[in-house]
Amino acid sequence: MGNMTTEVINPSTGAVFTTVPSLDLAATDAAIERAAQAFPAWRAVAPGDRARLLRRFAAVVDAHIDELAGLEVRNAGHTIGNARWEAGNVRDVLDYYAGAPERLSGRQIPVPGGLDVTFHEPLGVVGIIVPWNFPMPIAGWGFGPALAAGNTVVLKPAELTPLTAIRLGELALEAGLPEGVFTIVPGKGSIVGQRFVTHPAVRKVCFTGSTEVGKSIMAGAADQVKRVTLELGGKSSNIVFADADLEKAAASAPGSVFDNAGQDCCARSRLLVQESVYDKFLALLEPAVKAFRVTDPARTDAEMGPLISASHRKTVETYVEGSDVAFRGDAPKTDGWWFPPTVLLAHSTDDPHWREEVFGPVLSVLPFTDEEDAVRLANDTEYGLSGSLWTRDLGRALRVSRAVETGALSVNSHSSVRYWTPFGGMKQSGLGRELGPDALLSFTDVKNVFMAM
Ligand code: TAP
């Protein structure tokens, strides 16, 4: 079997606009072997020189922000505003981790009879598997720290959204990264992604995607005791207490779930509102949802574009059919995988839209009685990735922040991601942390050396 090609579709129109290669097993093996051959020279690059190369890579990305963002608008249906931020995030992550090679210090530990020191050794080849929902940032969160720590990288973009990754691979070469240090391997998860798990030269797999595939990757990696970082699904809560700034909380709630058409593992897809302000809050929320602008994502005033594919739209629709719709926004009626922002009332915690990750612009609402009830409802899920809470009471903010079982939480805000702070999930939302200092160390193993006097 030779390499095939994949058609790339614009989700705003449903039309094919280009094709890319889809690599077979032999081509995947060849890419992994080139990465393995490039590893000894890459790890030996002087720290200052590796830092300079990463800074140059960041500068080349910066010079191509508009081009990369334009690709993502067409390929993933991201709004142009978001897509620019995403390309800028790749640049920022590279700049941040460019500071790492010269600071990746071990320790000197007091021992009798000699000297004991530790080193943070790179692992070798790292395989990064990226989903379609945030192709650029999720790629960068893997390859930035992995390269900085001295590893070489093979990266598989999602079949639906390969274009920006392929371009980033070209830009890395343009910036002067040696051949084989950072290779894009477009193709199917069942072929390319699976080979990252089974090929013995790949020492770590960094996977972002569904919990189901994440589990199979973890099980497959056990065979070679391969390191894994898993960033999986989420069902995050937005908890609004009666004492909160309700206007501010209502104005920002739509963006917290409908941004990227809800195809966001951090989407606050559960809205928990204290019962004493429930009716008032929903009355404030309704106009904000109806005003959420769903339109051609290339328009600078677009707040939401289409869903990624026709089949995904069908799946999202199943959560709305037969459910109690509180209110909905508008979406274009033209070709493309459009879906209106939708608010559903949950009548039971068994409702599928309350329980499962919809990964679409669907918000599920439920009232709660008191703090304890809010925490219980927020924790009633196997996911634990993100979340928000709104209150003016500092003590409550701290108590609830500590009690909600989630990897990232924001108070009176919906932000989840800063490239210099850790990001990742508790429970079945994932394993390990991306970004910040934690991610860097996760691409190394500690070596202890004792030298006798
Ligand atoms: P998946 O189907 O899990 O796909 C993710 C990636 O894994 C794709 O590149 C896919 O390749 C590949 N893949 C599929 N099967 C594989 C296998 N057996 N072995 C190795 N790789 C395989 O998820 P998705 O539908 O693309 O993304 C949506 C899900 O990702 C949601 O559940 C969402 O919550 C989660 N997500 C989580 C996060 C974080 S940060 N926690 C971020 C984004 C998304 P193909 O190209 O062939 O599909």
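Which residues does UniProt list for "domain: Aldehyde dehydrogenase"?

1. The UniProt record, an unreviewed entry, lists residues 5-449 for "domain: Aldehyde dehydrogenase". UniProt positions are given in the numbering used here, feature names are shortened, and annotations may be inferred rather than shown by experiment. Over residues 5-449 the chain is 41% helix and 20% strand. The end C-alpha atoms of that stretch are 49 Å apart. Helices (H or I, at least four residues) and strands (E, at least two) are DSSP runs, numbered from the N terminus.

2. **Basis.** This is a predicted model, in which local features need pLDDT of at least 70, side-chain atom pairs count only at pLDDT 80 or more, and totals for chains, interfaces and linings use all residues. Residues are numbered from 1 along each chain as its sequence is written.

3. **Ligand shell.** There are 31 residues around the ligand, and G189, G193, G209, E231 and C265 come nearest. A residue counts as near if its C-beta atom, placed from the backbone, lies within 6 Å of the molecule. The elements that give two or more residues to this shell are α7 (189-198) and α8 (211-222). α7 gives the most, with four residues. By class, the shell has 13 nonpolar, 13 polar and five charged residues. Here Ala, Val, Leu, Ile, Met, Phe, Trp, Tyr, Cys and Pro count as nonpolar, Asp, Glu, Lys and Arg as charged, and the others, Gly among them, as polar.

4. **Nonpolar core.** The largest nonpolar core has 133 residues. Such a core is a set of buried Ala, Val, Leu, Ile, Met, Phe, Trp, Tyr and Cys residues joined through C-beta atoms within 7 Å. F57, V153, L155, V205 and L272 have the most contacts inside it. Helix α4 (residues 80-98) gives the most to this core, with nine residues. Leaving aside neighbours within four places in sequence, L272 is in contact with residues including I239, V240, L366 and F368. Contact means that two C-beta atoms, placed from the backbone, lie within 7 Å.

5. **Helix α5.** This helix covers residues 135-148. Its 14 residues should span 20 Å at 1.5 Å a residue, and its end C-alpha atoms are 20 Å apart, which agrees. The expected span is 1.5 Å times one less than the number of residues. In α5, 14 of 14 residues are buried. Buried means 20 or more other C-beta atoms within 10 Å of a residue's own, exposed means 12 or fewer, and partly exposed lies in between, with C-beta atoms placed from the backbone. Just after α5, G150 takes a positive phi of about 100 degrees.

6. **Helix α3.** The buried residues of α3 include L68, L71 and V73. The buried residues of α3 pack against β1 (4-10), β2 (15-22), α4, α5 and α6. G77 follows α3 and has a positive phi, near 75 degrees.

7. **L168.** This residue is found in helix α6 (residues 163-174). L168 is buried because 26 other C-beta atoms lie within 10 Å. L168 touches V90 and A139, not counting residues up to four places away in sequence.

8. F359 has a positive phi of about 60 degrees although it is not a glycine. F359 sits in the loop between α12 (352-355) and β14 (362-368). It counts as buried, with 24 C-beta neighbours inside 10 Å. K427 has a phi near 45 degrees, also positive. K427 lies in the loop between β16 (410-411) and β17 (430-431). K427 is partly exposed, with 16 other C-beta atoms within 10 Å.
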